[in-house]
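Here is a short report on one predicted model.

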Amino acid sequence: MQHTTHTGGRRPLLRTGPAAALLLTAGLLASGCSGGGGSQTSDGAQHRPYPKAPAAGAPQNGAAQNGAAQNGAAQNGAAQNGAAQNGAAKNGAPAGVTPGTRTGEPTPATPDAAMRSTFALDVDTASYGYARRTLADGRLPAPEDVRPEEFVNSFRQDYPEPDGDGFSVTVDGARTARAGDGWSLLRVGLATRSEDPETRAPADLTFVVDTSGSMAETGRLDLVRRALNLLIDRLRPQDSMAIVSFSTDARLRVPAVHPVDAAARRRLHQAVDGLSPEESTNLEAGLTLGYQQAAEQRREGAVNRVVVLSDGLANTGSTDSDTILERVSKARREQGITLFGVGVGSQYGDQLMEQLADRGDGHTSYVADDEDARKVFVDQLPANLDLRARDAKAQVAFDPAAVDSFRLIGFDDRRVPDQAFRDDRVDGGEVGPGHSVTALYAVRLKPGADGPLATATVRWLDPRTRQPHEATGRIGAGDLAAGLWTDAPRRLQVDAVAAYFADVLRHRQSQDEYGTGSDDTATSSVPALPGEPSLQELAAHADRLATATEDLDVRRLADTVGQAAGLLIY
């Protein structure tokens with residue numbers, strides 16, 4: 001493995017969303033898929049092609065025939081990966097696949113257009129938490145609620161931390177099970193420096209708590225109360241905290257308390273213990289009052305964050321997500337207030353909570369039990385409150401001389417046009433201290449590939465000065481000699497189990513129809529990952545890794561995969 005980093009950068013950046021410690025896991029994965037035209041599965045179902053590399057040395061403007069205009073990539077919307085209007089859209093290329101024909105060879109493309117992958121960083125984990133809760137209840141999660149990057153983000157990575165406030169970049173990978181087919185799993189990891197909870201910046205926190213009738217589900221509001229009481233005990237005197245509740249209407253339970261001394265803690269605990277379920281879910285009213293309180297208690301030099309604890313099932317007031325989202329987005333733009341979403345409940349509005357966090361320059365977690373609550377509000381408190389980077393984006397450039405085709409696993413709603421990587425007007429991701437992000441790519445090498453393979457670059461804005469910086473890591477084709485399940489680092493194997501597991505859950509309803517569904521539905525139009533083990537095999541890998549790592553989170557993953565195997569018939 002080769003690992004290099006640097007920081008700097010002078011050009012303005014595009015805004016991309018919550019900055020995060022990013023790990024890109026490029027998965028060169030084994031399967032019978034062709035990097036070119038569609039292939040046939042054993043049951044005759046046709047697969048969509050992965051992005052195909054142009055011939056080495058292809059001219060810079062040689063890819064325009066199917067949509068990449070010579071004058072720049074994007075006159076009609078610049079579909080992802082730099083393809084223009086007739087590339088991704090008309091040819092029905094699914095998310096993460098370089099545009100091409102549906103059943104034939106992919107459209108020729110320049111190295112710049114075809115061999116780059118760009119996306120905003122994302123540190124959300126709610127999708128995995130909710131899937132785990134759903135499976136424990138004996139139900140399968142909806143495919144649209146399964147986001148592979150959030151499954152991978154949920155596990156410890158052990159990437160080296162940078163010395164300063166930027167990112168470290170780690171790039172490694174391994175071959176998948178089927179030797180000789182050219183597929184491997186490639187991982188690019190980004191991580192930020194951790195922060196001592198005792199030295200973190202002061203925080204101005206406004207908690208917006210759902211007390212609607214749906215929170216009467218056994219244990220749901222009890223869990224929220226316990227989680228909040230854990231957090232109150234972790235606050236420092238220089239912090240401030242306000243509590244808003246909402247059901248049919250919003251109610252200010254505790255105006256901003258500062259400093260958080262012993263008397264303030266008692267007052268906050270009493271307010272939390274007094275929360276009880278009431279009537280409907282007017283999320284709009286709760287957010288309106290919550291952001292009003294956040295604006296009133298805003299202090300220079302303090303982190304100002306709204307924390308929403310809810311099942312996300314809005315049914316009163318404005319239930320139109322666009323209206324609610326615009327209110328959150330306006331507060332971020334005008335007042336710098338960010339949002340952290342914490343989901344609860346067996347019935348959970350996952351997509352709305354994710355959208356709220358994206359618009360509010362924040363992220364989401366899901367709390368299923370007391371252990372999750374301690375992780376979110378105690379162990380990961382600095383990462384969930386402060387920022388190391390704003391508007392962080394990543395771009396991976398593959399060498400067309402070595403790579404035949406590739407596919408980014410997940411990040412479906414975080415894709416950014418390649419030409420927007422260094423444009424500050426494009427929103428990115430926010431990343432806190434001690435965060436890491438892992439992205440996986442399925443990559444197929446050309447026969448005899450040697451030399452450079454890929455360069456991964458992360459770009460972000462300093463949260464205080466708004467100055468842009470970059471860090472870069474590289475890997476060569478020779479660095480992929482290890483077998484995924486035999487010689488690869490254990491944490492890479494855990495990432496592979498999580499990503500494969502998410503992929504199985506997303507495609508479970510169309511195992512014999514990959515590539516034949518609607519073009520705008522990622523879960524039905526993208527083929528299964530190459531080299532995908534069965535759920536029973538994944539459970540065995542997870543069980544072995546749980547023993548080897550002595551990691552409780554990996555043990556819970558093994559149990560969750562086993563529960564899914566019991567619900568699905570293979």
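## The largest pocket

H9 supplies the largest share of the lining of the largest pocket, at five residues. The volume of this pocket is about 960 Å³. Its lining counts 38 residues, and those closest to the centre are Asn-153, Ser-154, Arg-156, Lys-375 and Gln-380.

Several elements each give two or more residues to the lining. They are helix H2 (126-136), strand S4 (183-192), strand S10 (363-366), helix H9 (370-379), helix H10 (381-385) and H14. By residue class, the lining of the largest pocket holds 14 polar, 13 charged and 11 nonpolar residues.

## The H13 and H14 pair

H14 also takes part in a helix packing. Helix H13 (residues 535-549) packs with helix H14 (residues 552-567) at an angle of about 165 degrees, and their axes are 8 Å apart. An angle over 145 degrees counts as roughly antiparallel, so H13 is roughly antiparallel to H14. The crossing of H13 past H14 is left-handed.

## Residues at the helix contact

From H13, the contact uses Leu-535, Gln-536, Leu-538, Ala-539, Ala-542, Asp-543, Leu-545, Ala-546, Thr-547 and Thr-549. From H14, it uses Val-554, Arg-555, Ala-558, Val-561, Gly-562, Ala-564 and Ala-565.

What classes do the residues of the contact of H13 with H14 divide into? There are 11 nonpolar, four polar and two charged residues.

Note on methods: Residues numbered from 1 in each chain as written. Predicted model: local features only at pLDDT ≥ 70, side-chain atom pairs only at ≥ 80, totals over all residues. Heavy atoms only, no water. Axes fitted to C-alpha atoms, helices over the stretch in contact; angles between N-to-C directions. Helix = DSSP H or I, 4+ residues; strand = E, 2+ residues; numbered from the N terminus. Parallel < 35°, antiparallel > 145°, perpendicular 65-115°, else oblique. Left-handed = near helix turned anticlockwise from the far one by under 90°. Contact = heavy atoms within 4.5 Å. Nonpolar A, V, L, I, M, F, W, Y, C, P; charged D, E, K, R; others polar. 1 Å grid on protein atoms, 1.4 Å probe; cavity = no way out; pocket = protein on both sides within 12 Å on 5 of 7 lines; lining within 4 Å. Points joined across faces, edges and corners; volume = space filled by probe spheres on them.
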